[in-house]
Amino acid sequence: MQEANEKIKVTRTTASRLAEVDFEHLVFGKKYADHMLVADFDGKEWKNAEILPFGNFSVSPSNAAWHYGQAIFEGIKAYKDPQGNPMIFRPYDNYARFLTSAERMGMPAIPEWLFIGGLAKLVDIDRDWVPTGEGCSLYLRPFMIAADEFIGVRPSETYKFAVINSPSGPYFNKPIHLLVQDKYIRAFPGGVGFAKAAGNYGGTMYPTMQARKQGYDQILWVDGYEHKYLQECGTMNVFAIIGNTAITPDLSQGTILAGVTRASVIDLLSDMGLAVEERPISIDEIIDAHKAGTLREVFGTGTASSVAYVEQLDYKETKIHLDTTKYAVGAEVIKRLDAIRTGRAEDTRGWNYKI
């Protein structure tokens, strides 16, 4: 957009690292593209917007983000269409969620020219970094942190916004095993569970680490009151296909993230003729459906993980094994979603932002 072109300075790298990347064997989140976008909020306005070579920040040890957790982020992906043109998938939805997170964390709003225009300009400059392999994408990580050099419990007055890019392969390369966690709690109503705040993830690290020692890939969190209603996984929303109905936890309690992939999958499931219910769903309902033979599939959805099949779901002494080779619904969702994101199917909803 024109305003971004006028306000964002560009300093290109003189030593591209593109040749160092093995695009045939990409690992999620390990390599970073040549450039990044940075901007500063001085207490009144956003300024110093610049795309420059990827590199480290210089940050004071007294930086307020380190001490009080004012930090939010987003995850977005860019793909290439069959003609080689880069496209960003649903960036306006991520922008809206970023604004919601910023408000909840007492942080300033980002103007559209900086977030959307900055993303588009950055992807355009780093377009050669957008991979085209199966399940691959350019992962975009916008984030904002407090920037005050002040030790004191109050909202920061200054902030830094940045976007970095990472050419990435699949987050999960095989079906996953989930532990239904009923001891530790991720979020309560009235908290920040709906925001993409860094602290939400920090609090899950220890229980997730313990779960991985037991052989699980992630935790499926439940509610904090009755410890039985499904919430979300560590990086994903969750769907259960019971009979011909797709069920996913609703957003009304403000304890789970309003996933962009979640919203996309809900639309695609409806297109496929399935009834979709957004409502509370308990682990007991999952167990009963499995015993009755009506639990067909369980999968997670997220920007990083896309659609991840759940092969094993364990709750206390109950172990639910699912044959993911028979996941017809999940397979069709992945097929349709990938076709739209890569320009191989008509984008009737205007999800792709073309560069």
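This is a predicted model: local features need pLDDT of at least 70, side-chain atom pairs count only at pLDDT 80 or more; totals for chains, interfaces and linings use all residues.

Visitor: Let us begin with the overall layout. What makes this a protein of domains, and where are their bounds?

Guide: The domain assignment gives domain 1 (1-170) and domain 2 (176-342). Their C-alpha centres lie 27 Å apart. The contact between them takes 24 residues from domain 1 and 22 residues from domain 2, where contact means heavy atoms within 4.5 Å.

Visitor: Now the pockets. What is the volume of the largest pocket, and how many residues line it?

Guide: The volume of the largest pocket is about 890 Å³, and 42 residues line this pocket. Nearest its centre lie Phe 73, Arg 141, Lys 196, Tyr 201 and Thr 235. Elements that give two or more residues to the lining include β4 (71-73), β7 (137-146), β8 (159-168) and α5 (198-202).

Visitor: How do you know what kind of lining that is, by residue class?

Guide: The lining of the largest pocket divides into 19 nonpolar, 17 polar and 6 charged residues. Of the residues nearest the centre, Lys and Arg count as charged, while Phe and Tyr count as nonpolar. As for the domains, each of domain 1 and domain 2 supplies at least three residues of this lining.

Visitor: Lys 196 was on your list of central residues. What does the record say about Lys 196?

Guide: The UniProt annotation, from an unreviewed entry, reads "modified residue: N6-(pyridoxal phosphate)lysine" and covers Lys 196. Such annotations may be inferred rather than shown by experiment. In the model, Lys 196 is found in the loop between β9 (176-181) and α5.

Visitor: Why is the second largest pocket said to lie between the domains?

Guide: Both domain 1 and domain 2 give residues to its lining, so the second largest pocket lies between them. About 660 Å³ of space lies in this pocket. Its lining has 29 residues, with Glu 134, Gly 135, Ile 334, Asp 338 and Arg 341 nearest the centre. β5 (76-80), β16 (306-315) and α9 (328-341) each supply at least two of the lining residues. By class, this lining holds 13 nonpolar, 7 polar and 9 charged residues.

Visitor: How many cavities of 30 Å³ or more are there, and what lines the largest cavity?

Guide: The count comes to 1 cavity of 30 Å³ or more. About 60 Å³ of space lies in the largest cavity, and a cavity is a space where a 1.4 Å probe fits but cannot get out. Its lining residues include Gly 75, Ile 76, Asn 94, Val 260 and Arg 341. The largest share, 3 residues, comes from β5. The classes are 4 nonpolar, 4 polar and 2 charged residues, and each of domain 1 and domain 2 provides at least three residues.

Visitor: What makes Phe 115 count as buried?

Guide: Its relative accessibility is 0%, and the cut-off for buried is under 20%, so Phe 115 counts as buried. Phe 115 is found in helix α4 (residues 112-125). Beyond four places in sequence, its contacts include Ile 76, Pro 91, Phe 98 and Phe 161.

Key. Residues are numbered from 1 along each chain as its sequence is written. Side-chain values use heavy atoms; hydrogens and water are left out. Helices (H or I, at least four residues) and strands (E, at least two) are DSSP runs, numbered from the N terminus. Buried means under 20% relative accessible area, exposed over 50%, partly exposed in between (1.4 Å probe, protein chains only). On a 1 Å grid over the protein atoms alone, a cavity is a set of points where a 1.4 Å probe fits but cannot get out, and a pocket is an open set with protein on both sides within 12 Å along at least five of seven lines; lining residues have an atom within 4 Å of a point. Grid points are joined across faces, edges and corners, and a volume is the space filled by probe spheres set on the points. Domain bounds come from an automatic or database domain assignment.
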